[in-house]
Amino acid sequence: MALIRCDGVGLIKKGQSILRDISFQVEEGELLGIAGPSGSGKTSLLRILNLLQSPTEGTVWYKNKDATTYDPAQLRREIGYVLQKPYLFEGTVRDNLAYPYLVWNQKPDETEITSYLAKVNLTADMLDKRGSEMSGGEQQRVSLVRSLLAKPSVLLLDEISASLDESNTLTLEKLILEELTARNMTVLFISHNNDQLRRLAQKILYLEQCRISFCGAAEDFFRERGGGQNE
């Protein structure tokens, strides 16, 4: 059974089509790369999956239920979303990383928190910093850790390595794969980087002119596309 399924999803904003007839499904434990030119609707699709945007047509199914029948807060506990531009709450990194525990009515586990920070090449000294004292790349990594601490079933990632150098990009990819294996987590990630898509994606969904032009195995995508350039 598909964990997530889109049936004929479309989105129109201010009279302009953003997404048209989007139909695909993702199985539990899959790693789906979402690619395509800028403006093809990739971020809008993730926003719809996280109930941050309502489609103007079609249906999104999660665990075989219409996603709109879920309480948004409940759904977002199960479907985490890391934005391309990192967003941290007011307060310190410690405050941000305590939040997932509070959502689940648990006491923050500092050992777990510092362990996750180490996995993204950040030290415990970071806990007392505020967002304004951090680089964009540091904020991005903290945002990812915050989402992972919530133990989501599904993780949506929007260009999360855009502000990172190659070393830290590979570190994040390693952590994502570890989480995928350890918890059978399902991941949908947007990337313009073909090398990253080759390293991570099992399947690729490619959007062009607001429609799906390819959805299938990553090896088939690169064979058909001839290993094109990064977009």
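**Labels and their cut-offs**

Guide: Glycine 136 lies in helix α5, where helices (H or I, at least four residues) and strands (E, at least two) are DSSP runs, numbered from the N terminus. This is a predicted model, in which local features need pLDDT of at least 70 and side-chain atom pairs count only at pLDDT 80 or more, while totals for chains, interfaces and linings use all residues. Residues are numbered from 1 along each chain as its sequence is written, and side-chain values use heavy atoms, with hydrogens and water left out.

Visitor: Why is glycine 136 called partly exposed?
Guide: Buried means under 20% relative accessible area, exposed means over 50%, and partly exposed is in between (1.4 Å probe, protein chains only). Glycine 136 has 34% relative accessibility, so it counts as partly exposed.

Visitor: With which residues is glycine 136 in contact, neighbours within four places in sequence left aside?
Guide: Contact means heavy atoms within 4.5 Å, and by that rule glycine 136 is in contact with Pro86 and Ser163. The C-alpha atoms of glycine 136 and tyrosine 87 are separated by 9.9 Å, although these residues are 49 apart along the chain.

Visitor: How many aromatic pairs are there, and by what rule?
Guide: Rings of Phe, Tyr and Trp (its six-membered ring) pair if their centres lie within 6.5 Å; planes under 30 degrees apart count as stacked, over 60 as edge-to-face and the rest as tilted. By this rule the count is six aromatic pairs.

Visitor: What makes a charge count as sitting over a ring?
Guide: NZ of Lys or CZ of Arg must be within 6 Å of the ring centre and within 35 degrees of the ring normal. The charged end of arginine 146 sits over the ring of phenylalanine 89, 4.3 Å from its centre, and phenylalanine 89 is itself partly exposed, with a relative accessible area of 29%. The charged end of lysine 119 likewise sits over the ring of tyrosine 116, at 4.7 Å from its centre.

Visitor: What makes a set of residues a nonpolar core?
Guide: A nonpolar core is a set of buried Ala, Val, Leu, Ile, Met, Phe, Trp, Tyr and Cys residues joined through side-chain atoms within 4.5 Å. The largest has 40 residues, and those with the most contacts inside it are Leu97, Leu144, Leu155, Leu157, Val187 and Phe189. Helix α5 (residues 136-149) gives the most to this core, with five residues. A second, separate core of 30 residues includes Phe24, Leu45, Tyr62 and Leu188. Leaving aside its neighbours within four places in sequence, phenylalanine 189 is in contact with residues including Leu31, Leu157 and Leu200.

Visitor: Why is helix α1 described as largely enclosed?
Guide: Six of the eight residues of α1 (residues 42-49) are buried, so the helix is largely enclosed by the rest of the structure. The buried residues are Lys42, Ser44, Leu45, Leu46, Ile48 and Leu49. Serine 44, for example, has 13% relative accessibility and therefore counts as buried; apart from neighbours within four places in sequence, serine 44 is in contact with Leu11, Ile18 and Leu19.

Visitor: Why are β2 and β5 placed at the edges of their sheet?
Guide: Two strands pair if DSSP finds at least two bridges between them, and four strands form an open sheet in the order β2-β1-β4-β5, with antiparallel pairing. β2 (16-27) and β5 (65-66) each have a single partner strand, so one side of each is left without a neighbour in the sheet. Two bridges join β4 (residues 57-62) to β5, and tyrosine 62 stands opposite lysine 65 in β5.

Visitor: How do you know that the radius of gyration agrees with a compact globule?
Guide: The radius is taken over C-alpha atoms, and the globule rule is 2.2 Å times the number of residues to the power 0.38. With 231 residues, a compact globule would have a value near 17 Å; the chain has 17 Å, which agrees.
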